[in-house]
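Open the model in your viewer and keep the selection tool at hand. The stops below say what to select and what is there.

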Amino acid sequence: MSIFHAMNNSASALTAQRLRMDVASSNMANANTTRAKIDENGDWQPYRRKMVVFEPAENNFKSFLHKAATDSSQGSGVKATEIMEDDEPFKLVYNPNHPDANEDGYVELPNVDPLKEMVDMMSATRSYEANVTAVNASKSMLMKALEIGR
């Protein structure tokens with residue numbers, strides 16, 4: 001176990017939460033994008049909300065649990081393993097003047113809910129701040145340990 005173990009864990013969390021904020025802001029930016037990609041039929045599809053999937057940075061979760069139960073070291077950080085698309089259906093809005101309206105006058109809009117994105121952004125921000133505080137506490141403890149050695 002390294003003396004920088006806590007800082008490494010917090011650093012991985014900082015990276016993960018930054019990615020989560022980036023994805024949430026991308027979702028917000030594309031909340032009205034009706035032409036994001038072309039499907040297999042050659043038709044334009046609206047933007048689909050994206051979500052980040054996190055896992056422990058340990059390769060084998062069972063070995064992680066065994067190590068945590070038998071060893072004094074705790075965890076090994078977090079990693080983002082996937083950015084997946086939300087499969088919620090698109091929102092249908094009646095707007096016959098829109099260039100992407102179907103024959104009935106409805107437009108498919110992205111499945112992005114600004115409220116969900118703001119909550120996700122606030123949660124990521126708070127987690128980021130908590131990990132910055134943990135890094136600063138670890139740094140302070142290491143500095144005190146160096147002062148003791150003088």
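This is a predicted model: local features need pLDDT of at least 70, side-chain atom pairs count only at pLDDT 80 or more; totals for chains, interfaces and linings use all residues.

Residues are numbered from 1 along each chain as its sequence is written, and side-chain values use heavy atoms, with hydrogens and water left out.

**The pocket**

Select Thr 34, Trp 44, Pro 46, Pro 99, Asp 100, Ala 101, Asn 102, Tyr 106, Val 107 and Glu 108, which line the largest pocket. A pocket here is an open set of points on a 1 Å grid over the protein atoms alone, where a 1.4 Å probe fits, with protein on both sides within 12 Å along at least five of seven lines; lining residues have an atom within 4 Å of a point. Its volume is about 160 Å³, taken as the space filled by probe spheres set on the points. The lining divides into six nonpolar, two polar and two charged residues. Strand β6 (residues 106–109) gives the largest share, three residues; strands are DSSP runs of E, at least two residues, and helices are runs of H or I, at least four.

**The ring pair**

The centres of Tyr 94 and Tyr 106 are 5.3 Å apart and the planes are at 65°, so the pair is edge-to-face (over 60 degrees). Tyr 94 sits in strand β5 (residues 91–94), 12 residues from Tyr 106 in strand β6. Tyr 94 is exposed at 54% relative accessible area, whereas Tyr 106 is partly exposed at 36%. Exposed means over 50%, buried under 20%, and partly exposed in between, with a 1.4 Å probe and protein chains only.

**The buried side chain**

Next select Asn 111, in the loop between β6 and α3 (114–148). Asn 111 counts as buried because its relative accessibility is 4%. Its side chain reaches the backbone nitrogen of Arg 49 at 2.8 Å, and a polar atom of that side chain lies 3.1 Å from the backbone oxygen of Glu 88. Leaving out residues up to four places away in sequence, Asn 111 touches (heavy atoms within 4.5 Å) several residues, among them Tyr 47, Asp 86 and Phe 90.

**The helix end**

Finish at Ala 29, in helix α1 (residues 5–29). Ala 29 is exposed, at 63% relative accessible area.

How values were computed: Ala, Val, Leu, Ile, Met, Phe, Trp, Tyr, Cys and Pro count as nonpolar, Asp, Glu, Lys and Arg as charged, and the others, Gly among them, as polar. A polar contact is a pair of N or O atoms within 3.5 Å; within protein, one must be able to donate a hydrogen and the other to accept it, and residues adjacent in sequence count only if both atoms are side-chain atoms. Rings of Phe, Tyr and Trp (its six-membered ring) pair if their centres lie within 6.5 Å; planes under 30 degrees apart count as stacked, over 60 as edge-to-face and the rest as tilted.
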